[in-house]
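This report describes a strand, a helix and a ligand site in one structure. The sequence and the model are shown first.

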Amino acid sequence: MLNIVLFGPPGSGKGTQSEKLIAAHKLVHLSTGDLLRSEIAQKSELGIKAKIIMDRGELVSDDIVIGMIRNKINANLDSNGFIFDGFPRTVAQAGALDKVLAETGKAISLMVTLEVPDEEVIQRLLKRGEQTGRADDNMATIENRLNVYLCQTSPVKDFYEKQGKYHPVQGLGTIEEIYERIESEIKKVG
Ligand code: B4P
């Protein structure tokens, strides 16, 4: 079973690379960003609350996202594995994920971090904002998202480094080049 955490700053390409990894390894995709955006589209009570937080570039509460992930894992226990895209984003979420997986005899295989400089992610997200009109892809929100990443999310790297599961990957280049780099990290643990 292959359980990958795909990590990196906003706009580093986690969603983009997830699509290729899912197709190649038949994994279940767990993107907390996508799950939250689907709640927003349905105008559910959770979606209405989440939209306010996401439009500011801040993190939705740990309890909410951990609950969403637990449900998805438990609904797909017979899968080949999971790709966690944009989760965990805090050390509390990382600890909770280990616990949920351990309850069913599973564990994270590796954490791949896409390393992309701030200037590049800002350009990518501004471009996506122009093309898709995504509400959180504007300059003020992007700056806050990068700050939140630095303060609240980047400590998650140490969490996996202590477990010997941290695999940094250069996130600049073509989508195919980056994908090949991720695959060579997966081979190291396979
Ligand atoms: P997410 O949906 O996770 O989005 P992201 O970090 O912005 O994007 P990602 O890294 O997936 O980039 P992508 O491939 O799309 O989070 C949004 C918000 O949801 C958060 O700010 C937070 O509020 C909330 N949230 C989500 N998870 C949470 C959690 N666990 N806890 C609390 N809150 C949570 O790529 C970006 C762009 O770059 C695309 O346009 C793509 O085409 C382009 N691109 C990709 N690869 C490229 C390459 N190699 N070269 C050039 N461009 C490239």
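Strand β1 (residues 2-7) is largely enclosed by the rest of the structure, because 6 of its 6 residues are buried. Buried means under 20% relative accessible area and exposed over 50%, with partly exposed in between (1.4 Å probe, protein chains only). Helices (H or I, at least four residues) and strands (E, at least two) are DSSP runs, numbered from the N terminus.

The model is predicted: local features need pLDDT of at least 70 and side-chain atom pairs count only at pLDDT 80 or more, while totals for chains, interfaces and linings use all residues. Residues are numbered from 1 along each chain as its sequence is written, and side-chain values use heavy atoms, with hydrogens and water left out.

**Strand β1**

In a regular strand the side chains alternate between the two faces of the sheet. In β1 both faces are covered: Leu2, Ile4 and Leu6 are buried on one side, and Asn3, Val5 and Phe7 are buried on the other. Two strands pair if DSSP finds at least two bridges between them. β1 pairs with β3 (residues 81-85) in the parallel sense over 5 bridges, and Leu6 has Asp85 of β3 as its bridge partner. The pairing of β1 with β4 (residues 110-115) is also parallel, over 4 bridges; there Phe7 is bridged to Thr113.

**Helix α3**

Helix α3 spans residues 45-56, and Gly47, Ala50 and Met54 are buried in it. These residues lie on the same side of α3, because they cover an arc of only 65° around the axis. The arc is that of the directions from the helix axis to the C-beta atoms. Glu45, Ile48, Lys49 and Ile52, on the other side of α3, are exposed. The buried residues of α3 pack against α2 (32-41) and α7 (139-153), where contact means heavy atoms within 4.5 Å. Gly57 follows α3 and has a positive phi, near 85°.

**Ligand site**

The ligand is surrounded by 29 residues, of which the closest are Thr16, Thr32, Glu58, Arg128 and Arg145.

| Ligand atom | Protein atom | Distance |
|---|---|---|
| oxygen | polar backbone atom of Ser12 | 3.4 Å |
| oxygen | polar backbone atom of Gly13 | 3.4 Å |
| nitrogen | N or O atom in the side chain of Arg89 | 3.0 Å |

Taken alone the ligand exposes 1000 Å², and the protein buries 86% of that. Accessible areas come from the Shrake-Rupley method with a 1.4 Å probe.

Note on methods. Near = heavy atom within 4 Å. Polar contact = N/O pair within 3.5 Å; in protein donor to acceptor, adjacent residues only side chain to side chain.
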